[in-house]
Amino acid sequence: MYQERQPPPSSLPDQHPQPEETLDMNSEKHQLQRTNSLEKHNSSSNRQEQHRPKASQRRGCLTSWHLAAAVLGILSLILLGAVVFFVLKSQKQQENLENMVREKENLQSQLESCAKAWDIKGNWTCMTKNCYHFSTRKDTWVNCKKYCSILSKDLLKIDSKDELMAIQSKMNHFHWIGLTRARDKSSWNWQDCSPLSLDLGLTESSNDNKCAIISPSVVSAVQCTSKFFCLCEDNH
């Protein structure tokens with residue numbers, strides 16, 4: 001009877017893995033890849049965390065920036081206030097200067113008007129260190145004082161006997177001098193408020209006579225409302 005012969009078993013190892021072994025290897029491979037991926041992700045996250053500033057550091061930076069901004073703001077306000085102050089002060093000084101210029105111009109105009117109204121005329125005589133102006137217009141003592149003031153001068157003040165004699169030698173009329181007294185029997189004072197210390201031989205006929213005049217021969221006390229020529233002195 002014919003029997004089918006079976007092929008002999010191969011002595012070589014099986015070159016193809018079994019299905020279960022293949023699954024195990026694939027699983028291990030996937031697990032390894034997953035582990036590597038997680039390690040890379042963790043490494044990248046760690047590097048990002050290292051480079052990323054911490055919340056406390058960010059808060060510190062913000063606080064420092066806010067403080068610096070506040071200080072700069074305060075300094076800016078102070079500087080602005082100082083600028084405004086100096087601008088206003090400069091404007092005020094400019095206004096004061098302009099007012100002074102206007103006042104000077106007004107005063108100059110008034111003096112010129114007064115000079116025209118007074119019709120200033122007269123003779124100038126200079127002796128030693130002083131010059132004297134003999135007016136050609138008669139007026140009261142107060143108005144003669146104003147007249148000399150327009151010329152930037154004062155009524156005559158006699159400082160010595162020599163000056164008295166020199167002045168009298170140049171005179172032909174009665175002239176007001178800068179000598180007055182405030183009340184009856186009070187002391188005589190010059191226009192600059194200094195007391196009379198020189199013996200001028202002043203003659204007084206009445207207590208109502210409170211202003212002094214000079215003539216070629218005498219110094220007399222008369223009423224201040226009388227009218228005589230003015231005698232101005234420039235002793236500057």
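Which residue forms a salt bridge with Arg 181? The partner is Glu 204, and the closest N and O atoms of the pair are 2.7 Å apart. This report looks at a predicted model.

## Salt bridges

The count of salt bridges comes to 3. Take the pair of Arg 181 and Glu 204. It links distant parts of the chain. Arg 181 sits in the loop between β4 and β5, while Glu 204 belongs to strand β6, 23 residues apart. Is Arg 181 buried or exposed? It counts as buried, because its relative accessibility is 6% and the cut-off for buried is under 20%. Glu 204 counts as partly exposed, at 43%.

Lys 157 forms a salt bridge with Asp 192, with 2.9 Å between the closest N and O atoms. This pair also links distant parts of the chain. Lys 157 is in the loop between β3 (154–155) and α4. Asp 192 is in the loop between β5 (189–190) and β6 (203–204), and the two residues are 35 apart. Asp 192 counts as partly exposed, with a relative accessibility of 47%. Then there is Asp 139, bridged to Arg 137. Here the closest N and O atoms are 4.0 Å apart. Asp 139 is buried at 7% relative accessibility. Arg 137 is partly exposed at 35%.

## Nonpolar cores

In soluble globular proteins, nonpolar side chains tend to be buried together. In this model, the largest nonpolar core has 18 residues. Which of them touch the most other members? They are Ile 167, Ile 177 and Ile 214. Several elements give two or more residues to this core: β2 (130–139), α4 (161–169), β4 (175–180), β7 (211–214) and β8 (219–222).

Look closely at Ile 167. Leaving out residues up to four places away in sequence, Ile 167 touches Met 127, Tyr 132, Leu 156, Ile 214 and Leu 231. A second, separate core holds 13 residues. Among them are Val 222, Phe 228, Cys 230 and Cys 232.

## A buried glutamate

Glu 163 is part of helix α4. It counts as buried, because its relative accessibility is 10% and buried means under 20%. What does the side chain of Glu 163 make a polar contact with? It pairs with the side chain of Tyr 132, at 2.6 Å.

Glu 163 has other contacts too. With neighbours within four places in sequence set aside, it is in contact with Asn 130, Tyr 132, Leu 156, Lys 157, Ile 158 and Glu 233. Lys 157 is the residue that forms a salt bridge with Asp 192. Tyr 132 and Leu 156 are also touched by Ile 167.

## A nonpolar patch on the surface

Now turn to the surface. A nonpolar patch is formed there by Leu 67, Val 71, Leu 72, Ile 74, Leu 75 and Ile 78. Together these residues have about 600 Å² of accessible area. Val 71 has its place in helix α2, which covers residues 55–118. Val 71 counts as partly exposed, because its relative accessibility of 42% falls between the 20% and 50% cut-offs.

## Helix α3

Which residues of helix α3 are buried? They are Trp 141, Cys 144, Tyr 147, Cys 148 and Ile 150. The helix covers residues 141–150. Ser 152 follows α3. Its phi is positive, near 60 degrees.

Definitions and conventions
Residues numbered from 1 in each chain as written. Predicted model: local features only at pLDDT ≥ 70, side-chain atom pairs only at ≥ 80, totals over all residues. Heavy atoms only, no water. Core = buried A, V, L, I, M, F, W, Y, C linked by side-chain atoms within 4.5 Å. Buried < 20%, exposed > 50% of the residue type's maximum accessible area, 1.4 Å probe, protein only. Helix = DSSP H or I, 4+ residues; strand = E, 2+ residues; numbered from the N terminus. Contact = heavy atoms within 4.5 Å. Patch = residues over 30% accessible without salt bridge, like charges linked within 9 Å, V, L, I, M, F, W, Y side chains within 5 Å. Areas by Shrake-Rupley, 256 points an atom, 1.4 Å probe, with all protein chains shown as cover. Salt bridge = Lys/Arg side-chain N within 4 Å of Asp/Glu carboxyl O. Polar contact = N/O pair within 3.5 Å; in protein donor to acceptor, adjacent residues only side chain to side chain.
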